[in-house]
Amino acid sequence: MGILEVKDVSKRFGGLKALSDVNLSVAENTVHAIIGPNGAGKSTLLNCFVGKLIPDTGSVMFDGQSVLGRKPYEINQMGISRVFQTPEIFGDLTVMENMMIPVFAKRDGHFQMNAIGDMMKEKDIVEAAEAMLVDMNMADKRHMHAASMSRGDKRRLEIGMCLAQEPRLLLLDEPTAGMARADTNNTIDLLKEIKDQRDITIAIIEHDMHVVFSLAERITVLAQGTPLVEDTPQNIKGHPKVREAYLGETA
Amino acid sequence: MLGLNKKDSTLLIVVAVLTLFAPFILNPFPADSALAQFNAGYPDLMQRFVVFGIFAIGFNILFGLTGYLSFGHAAFLGIGSYAAVWVFKLFTYNVVPAVILAVIIASIFALAMGYVSLRRSGIYFSILTLAFAQMMFALAYSVLSNPKFNLTNGETGLQVYADDPQMFHRAGLPDLPHLFGLSMRATYDLDIGAWSFSFNAGYYLCAVVMMVVFYLSIRIFRSPFGMMLRAIKSNQTRLNYTGLSPRPYALAAFVISGAYAGLAGGLMAAMDPLAGAERMQWTASGEVVLMTILGGTGTLIGPVLGAGFIKYFENIFSKINDAVLHQWFAFLPDGMEDFVVFIIHPFVGKGWHLTLGILFMLVVIFLPGGLVEGGQRLGKWIKSRGKSEETDKAKIEPAE
């Protein structure tokens, strides 16, 4: 059984059937890509995993526990971290502070009222955050305001913030959208490194086929709210149905 | 010092010195001179400076750090005042229990109001707080003041009467709010030449309290809790997806700022044992927003500066009337004098709001960071001027 099990999930927005009977299983410690044309329901599906949307029917199980009905922060505490299409970071804070918050969240686990202590004197937090910045190759940027960085650096920081929580499942929503080629390649290298060095499952939604085929071990193709096929990248490339629904557009 | 870094310690010391010597600093003009009306060093006004400073420091913890703009904080100020006056009426004129109870009651109300209002953010939060405060005002102004149950004494305002129980009051203690026998009105006047300075017990009590809460606010700004509050302002989505619910942090900030407001209200009553409903009106809530923005939202010292600035205007500019203006411009030919007075007239006296409004607009447009940003720019300008002069010298010297 996979770490993430999706069973018969449907979601309707008014007259639009965004998802119908989606079944999906993401195996532990793999990179699983979900691809599909615009409007296939990829983002809707992802939002059902993190508590932003609740499906009309079906179930979503993470590590044997249902995530449905839980709030985003509760699902995050279960071990699912999410990277957004546009990097969601704390723009007004420094890079170091950005990294310290997930480390605090990991250590404390919930609301803690520490209003008198000096945050820079929390040795374990500062050390863990610094180590993660070094891992992300961002140690020299620690005093920068996060908002003033390039798109690629913001993405790198966001991924680092997610990893600082040591999640078991990392969800990426088009992580290279709107990026220059060089930044895209950097991000691919970073994700490969993460995959090789950590015990982590990665589920990725992506438009860029270059990214998908250089990372994914399994691919699910979604079209009009239903999974079309699920297979290895090699088989997906040549699959006639996929060509018709998706690759056909560009090929 | 006291667990603060060097920069914060310097700031704390500067503020401490300024508040300690305020009676001197605010009275720069000789008592009989024409400029004496610009002196702000009389007890009543100095007390107001620090009391509203406390109010604004607390407001800034909510608005400056989390970005939640409350339009109802005056409610807590009023609640604090009512609580303090009730302690005076029922128990004792000693200000310590009165102020403590003011803080506790205001915090309880803040907890309730914050719990409800923080379900929404942005403009909806502001409207909810405004609605709550106006309800409190209506309660204080009329509903809770009827012959059967008179909690607030309505329009007249709550005050201490001779037939109040005052259980712990003894003969020998001042018949006014006091700190273990030291009357809050006790004032020592020091005359040096033409100058006159007043040292008032009430002012110094408020000043000490302000130093303590200012220190606490610095600690909050630098704490992990403060960082979480700034994270709420910056990006709630990310905080949610980092496994932390923003709600309890925002609620804690709301209660802390409500407690600060209650403290300010309690001290206000301690300076003058009277509590009126107008203290809770929405204009009063708006005033603290203006103070914070004018001084510099999210900065440590800004709200105190803003509070001082606005209270100075309210009390000093409003006192300038036509007679004073004529006196100032007496050196002009008659027609000119009348004309100049006619032009300036709308901006002083009762029209001080107009001047304040223009200044507020100028600050918001040209100094979005408030007076603090103005100070920083001035500091940089002076520094860079000093440097360029030095480099000029350096350039000239080798040529000699």
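## Rings in context

Author: Let's start with the overall build: chain A has 251 residues, for which a compact globule would have a radius of gyration near 18 Å, and its 19 Å agrees with that. That radius is taken over C-alpha atoms, and the globule rule is 2.2 Å times the number of residues to the power 0.38. Some ground rules: this is a predicted model, where local features need pLDDT of at least 70 and side-chain atom pairs count only at pLDDT 80 or more, while totals for chains, interfaces and linings use all residues. Residues are numbered from 1 along each chain as its sequence is written, chains are lettered from A and ligands numbered from 1 in the order in which they are written, and side-chain values use heavy atoms, with hydrogens and water left out.

Chain A carries nine helices and 10 strands, which are DSSP runs numbered from the N terminus (helices are H or I with at least four residues, strands E with at least two). Its C-alpha atoms fill a box of roughly 60 × 40 × 35 Å along the principal axes. Buried residues come to 53% of its 251; buried means under 20% relative accessible area, exposed over 50%, and partly exposed in between, with a 1.4 Å probe and protein chains only. Of the chain A contacts with a separation of 6 or more, 66% join residues 24 or more positions apart, a contact being heavy atoms within 4.5 Å.

Chain B is built from 16 helices and six strands. Its radius of gyration is 24 Å, close to the 21 Å that the globule rule gives for 400 residues, so chain B is as compact as a globular protein of that length. Along the principal axes, its C-alpha trace spans about 85 × 65 × 45 Å. Buried residues account for 52% of the 400 in chain B, and 72% of its contacts with a separation of 6 or more are between residues 24 or more positions apart.

Now for the rings. Over all chains there are 19 aromatic pairs. One of them is F21(B) with F24(B): the ring centres are 6.3 Å apart and the planes sit at 35°, so this pair is tilted. The rule takes rings of Phe, Tyr and Trp (its six-membered ring) and pairs them if their centres lie within 6.5 Å; planes under 30 degrees apart count as stacked, over 60 as edge-to-face, and the rest as tilted. How accessible are these two? F21(B) is at 39% relative accessibility, so it counts as partly exposed, and F24(B), with a relative accessible area of 31%, is partly exposed too.

Another tilted pair is F52(B) with F55(B), at 6.3 Å centre to centre and 55° between the planes. Why do these two sit about one helical turn apart? Because they are three residues apart in helix α3 (residues 43-66) of chain B. Both F52(B) and F55(B) are buried, whereas F21(B) is partly exposed.
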